[in-house]
Amino acid sequence: MLSRIRRLFTIKTRFEAFAVIYGLGVGAVERGIHYLEQYPGVGGWLLFAVCPIAVFMAGARILDSLDAGIE
C-alpha cells in the first residue's frame, strides 16, 4: 500500500518534471513579490533574484535525475 502511494509522488516523465518546475517557479516569483513588499529597495530585489535561481538549480537537479534513471 505504501509503494502505491509513493508512486503518486514519483516524477516519471519529462512533462511531469516540467510541470513541477513550473509550479516551483510560480511559487518562487510569488515569494519574491512578497520580499519586495517587505524589504523595499536593493535588499528586496536581491532576495527576489535569489528565489528563481534556487528554482533553476532544483530544476536542473530534477532533470538530471530523470536522465540518470533512463540509462
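The model is predicted, so to speak of local features I need pLDDT of at least 70, side-chain atom pairs count only at pLDDT 80 or more, and totals for chains, interfaces and linings use all residues. Residues are numbered from 1 along each chain as its sequence is written, and side-chain values use heavy atoms, with hydrogens and water left out.

Start with the fold. The protein has three helices and zero strands, in the order α-α-α along the sequence. Helices here are DSSP runs of H or I with at least four residues, strands are runs of E with at least two, and both are numbered from the N terminus.

Next, the dimensions. Along the principal axes, the C-alpha atoms fill a box of roughly 50 × 30 × 15 Å.

Of the 71 residues, 17% are buried; buried means under 20% relative accessible area with a 1.4 Å probe, protein chains only.

Now the core. Which residues form the largest nonpolar core? There are eight: Ala 17, Ile 21, Ala 28, Cys 51, Val 55, Ile 62, Leu 63 and Leu 66. Such a core is a set of buried Ala, Val, Leu, Ile, Met, Phe, Trp, Tyr and Cys residues joined through side-chain atoms within 4.5 Å. Helix H2 (14-38) and helix H3 (42-70) each supply at least two of this core's residues, and H3 gives the largest share, five.

Leaving aside neighbours within four places in sequence, Ala 28 is in contact (heavy atoms within 4.5 Å) with Cys 51, Pro 52 and Val 55.

Definitions and conventions:
Buried means under 20% relative accessible area, exposed over 50%, partly exposed in between (1.4 Å probe, protein chains only).
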